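Subject: Structure for your review

Dear colleague,

Please find below the structure that I am handing over to you. My notes on it come after the sequence and the model.

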Amino acid sequence: MNKPEFDADVVVVGGGMVGGLLAAALSLDKSLRIVVLESAEPTPFDPGSQPAYDLRVSALSIASRRMLEAVGAWDGIESRRACPYRDLSVWDGEVGGRTDFHARDAGVPELGYIVENRVIQLSLWDQLQALPNVECYCPATLESIDAHADHVTLKLLGAPKSRLKARLVVGADGANSLVRQQMGISIETTRYEQHALVANVTTALPQQQITWQRFVPTGPQAMLPLCGSKASIVWYHNEAEVIRLKALDEEAFISELMDTFPQELGGINSVEARASFPISKAHVDSYTANRIALAGDAAHTVHPLAGQGVNIGLLDAAALAETIINAQKAERDIGAAQVLARYERWRRFENNLMIHSLDAIHKAFGEQPQWFKQLRSAGLNTVNNVPFVRNRLMLRAMGTEGDLPQLARL
Ligand SMILES: Cc1cc2nc3c(=O)[nH]c(=O)nc-3n(C[C@H](O)[C@H](O)[C@H](O)COP(=O)(O)OP(=O)(O)OC[C@H]3O[C@@H](n4cnc5c(N)ncnc54)[C@H](O)[C@@H]3O)c2cc1C
């Protein structure tokens with residue numbers, strides 16, 4: 001099936017976390033030739049110089065760790081910077097129900113890790129550079145795509161070649177995916193009224209191994225532990241309030257944090273950086289088009305309240321790589337509609353479940369009648385008191401339940 005007239009079997013547009021994992025997973029089949037196009041070079045990270053924390057961090061699940069390990073990228077993450085957490089608490093700030101998850105209950109050392117997005121991307125890039133069947137074009141930008149019955153032509157800017165011909169193109173180019181737009185794939189997007197204010201702070205409390213989230217009607221308030229006595233604070237609120245909070249000077253912002261956040265936060269010594277993000281949920285009408293597939297944020301976005309966006313994107317990448325490699329081994333056309341349909345069925349179901357579950361949580365903790373609030377609070381306490389239910393939910397959050405691709409299994 002490897003025809004010499006093709007520049008690559010698969011071109012991955014977007015070398016972010018999802019595109020990086022996809023290319024590394026595809027490279028496990030040495031008969032595939034892969035090109036990755038990435039428009040922005042990742043900023044280097046020197047662990048020795050103890051660089052300040054990036055604002056963009058992700059809570060990686062155990063399944064994500066397994067996939068990153070399987071492609072050899074986990075060591076690069078750990079040697080740079082990753083903060084494990086062992087406990088996870090969620091509580092109702094209005095009525096008071098609470099659920100506490102502990103890694104020891106699941107018989108695992110940790111529930112997940114908080115890692116800077118840049119660290120994940122760089123560690124994947126280290127792997128890609130060393131692979132003989134992967135070529136990375138960076139900085140290089142996709143300009144346009146032309147899909148035909150038996151191949152796809154890509155026009156590029158800034159790449160060693162201005163045109164590429166491939167059997168299959170994957171759009172892992174994020175929420176504003178050009179691949180998706182060029183292929184005319186529609187996406188249903190709902191903007192939440194909340195924005196996320198993210199701040200990196202130094203806490204008076206020593207290094208913590210817990211991530212927690214308190215839900216109040218204006219939106220969740222969360223703390224994600226970073227290494228040392230650093231933490232990433234996520235404060236969801238309406239846009240106007242987030243703009244106001246972002247503009248406050250450090251002292252006034254700390255004072256607002258202390259007045260509003262739960263006592264678990266403890267004192268805040270300093271605020272290193274702040275940024276805000278609009279929040280939306282979105283899902284494409286189709287994950288595939290003629291010789292094209294979409295993965296990660298290019299195909300869906302979720303409310304970040306449970307830190308699942310990149311975790312489901314990495315599962316897309318592993319599932320798609322598995323589908324393509326199986327087709328290649330069976331000497332089938334890797335860009336054929338029937339091959340890509342298997343990927344679509346697989347991931348659409350799992351991602352739909354996640355998008356709607358997170359949306360339901362968001363709504364349940366919004367403005368609700370008193371009877372519902374009591375029910376919600378009782379629900380949290382019940383989950384806390386019934387180990388079977390608590391453990392099932394914990395396994396979901398760890399990403400170890402569901403129809404997992406091979407790379408995410410033990
Ligand atoms: C406030 C907030 C907090 C979050 N927290 C978490 C969390 O804790 N856990 C979690 O799992 N998820 C979290 N997420 C979601 C997570 O950040 C995203 O799901 C993730 O970044 C998506 O990764 P991706 O690789 O699909 O896309 P992106 O990260 O957007 O990467 C796309 C890549 O494609 C490149 N690109 C784009 N267009 C082109 C082009 N035309 N040519 C070449 N290259 C191109 C870009 O440069 C980029 O590198 C959070 C999101 C927000 C907003």
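This is a predicted model: local features need pLDDT of at least 70, side-chain atom pairs count only at pLDDT 80 or more; totals for chains, interfaces and linings use all residues.

Residues are numbered from 1 along each chain as its sequence is written, and side-chain values use heavy atoms, with hydrogens and water left out.

Domains

The protein chain is divided into domain 1 (8-86 + 110-189 + 281-408) and domain 2 (193-279), with bounds that come from an automatic or database domain assignment. Their C-alpha centres are 27 Å apart. Domain 1 brings 20 residues to the contact and domain 2 brings 27 residues, where contact means heavy atoms within 4.5 Å. Between them the two domains bury about 2,000 Å², of which 68% is on carbon and sulfur atoms; buried area is the accessible area (1.4 Å probe) that two parts lose on being put together, summed over both. On the side of domain 1, the most area is lost by Tyr53, Leu55 and Phe365, together 31% of what that side buries.

On the side of domain 1 that touches domain 2, β4 (83-85) and α9 (337-364) each supply at least two residues, and β4 gives the most, with three residues. Helices (H or I, at least four residues) and strands (E, at least two) are DSSP runs, numbered from the N terminus.

Helix α2 (residues 62-70) is largely enclosed by the rest of the structure, because seven of its nine residues are buried. Here buried means under 20% relative accessible area, exposed over 50%, and partly exposed in between (1.4 Å probe, protein chains only). The buried residues are Ile62, Ala63, Ser64, Arg65, Arg66, Met67 and Leu68. Among the elements they pack against are α1 (17-26), β3 (57-60) and α8 (309-329). After α2 comes Gly72, with a positive phi near 80°.

Gln121 is placed in helix α4 and counts as buried at 14% relative accessibility. Leaving aside neighbours within four places in sequence, Gln121 is in contact with Gly15, Gly16, Met17, Glu38 and Pro42.

Salt bridges

The rule gives a count of 24 salt bridges.

- Glu94 and Lys373 meet through their side chains at 2.9 Å, N to O. Glu94 is in the loop between β5 (87-92) and β6 (98-102) and Lys373 in helix α10 (residues 370-385), 279 residues apart. Glu94 is partly exposed at 36% relative accessibility, whereas Lys373 is buried at 11%.
- Asp333 pairs with Arg291, their closest N and O atoms being 2.4 Å apart. Asp333 lies in the loop between α8 and α9 and Arg291 in the loop between β17 (288-289) and β18 (292-294), so the pair ties together parts 42 residues apart in sequence. Asp333 is partly exposed, at 26%, and Arg291 is buried, at 5%.
- Asp316 pairs with Arg347, with closest N and O atoms 2.7 Å apart. This pair links helix α8 to helix α9, 31 residues apart. Asp316 is buried with a relative accessible area of 0%, and Arg347 is buried with 2%.

Kind regards

Terms used. A salt bridge is a side-chain nitrogen of Lys or Arg within 4 Å of a carboxyl oxygen of Asp or Glu.
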